[in-house]
Amino acid sequence: MFKKKISHLIVSVSLLFLLTLTACSPQPPSRFEQAQQDSIAAGNKNTAVSEDAVKGASFNQFFPVSSGDYERVFTQEKTGFVQAKLKFQGQDVATLAIFDTISNPTAKNDFANATETIKGFPSVEKGSNNTAVLVGDRYQVSIRSSDPNFTAEERKEWLNKFDLANLAQQK
């Protein structure tokens, strides 16, 4: 009988010890918590926007203005970047953007072998629906067609409507 009580006591103490041990040990994060931790860690290592990037609002003045059946509608503005939709008779046909490459200097590499220019600045086709210009070796001005009927020639025509010369002077 005494042996039976001791064995129950040993089992009870062992279970209590195991329960305490597992309750106190840190649990691995859920997949959602882990994704959040990874995102925060990456953000601390790779700042999305350089502190030296130009304020987005200062880019607005360099965009072409609405005219005729075309309307320019700003959709996003943040430090180092501005984006606008170009609408033709109320339908989205393209996205216009200016990006300060100081936040991502490797973006300038796309223009290293450019064979075309717009207003004296190197121009490249990025895929089948995007045309971009590197202005003042710093600002990437791009137009991405959202309508397949908005051609590369029309993108170049609209890039010519940007005030690229004054954008090149932006500091």
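**Paired strands**

Begin by selecting strand 3 and strand 7, which run antiparallel and are joined by 7 bridges. The model is a predicted one. Within this pair, select Ala 97, which stands opposite Ser 142 in strand 7.

Follow the chain into the hairpin of strand 6 and strand 7, where 3 residues lie between the strands and Gly 136 takes a positive phi near 60°. Strand 7 itself is mostly covered, with 6 of its 7 residues buried.

**The nonpolar core**

Now select Phe 59, Ile 98, Val 135 and Phe 162, the residues with the most contacts inside the largest nonpolar core, which has 25 residues. Strand 3 supplies the largest share of this core, 4 residues. Centre the view on Phe 162: among the residues in contact with Phe 162 are Phe 62, Leu 96, Ile 98 and Ile 143.

**A buried threonine**

Finally, select Thr 101, in the loop between strand 3 (91-100) and strand 4 (116-118). Is Thr 101 buried or exposed? Its relative accessible area is 1%, so Thr 101 is buried. Display its surroundings: Thr 101 touches Ala 107, Lys 108, Leu 134, Arg 138 and Gln 140, not counting residues up to four places away in sequence. A polar atom of the Thr 101 side chain lies 2.5 Å from the backbone oxygen of Arg 138. Leu 134 is 33 residues from Thr 101 in sequence, and the two are 9.2 Å apart in space, C-alpha to C-alpha.

Key: Residues are numbered from 1 along each chain as its sequence is written. This is a predicted model: local features need pLDDT of at least 70, side-chain atom pairs count only at pLDDT 80 or more; totals for chains, interfaces and linings use all residues. Side-chain values use heavy atoms; hydrogens and water are left out. Helices (H or I, at least four residues) and strands (E, at least two) are DSSP runs, numbered from the N terminus. Buried means under 20% relative accessible area, exposed over 50%, partly exposed in between (1.4 Å probe, protein chains only). Contact means heavy atoms within 4.5 Å. A polar contact is a pair of N or O atoms within 3.5 Å; within protein, one must be able to donate a hydrogen and the other to accept it, and residues adjacent in sequence count only if both atoms are side-chain atoms. A nonpolar core is a set of buried Ala, Val, Leu, Ile, Met, Phe, Trp, Tyr and Cys residues joined through side-chain atoms within 4.5 Å. Two strands pair if DSSP finds at least two bridges between them.
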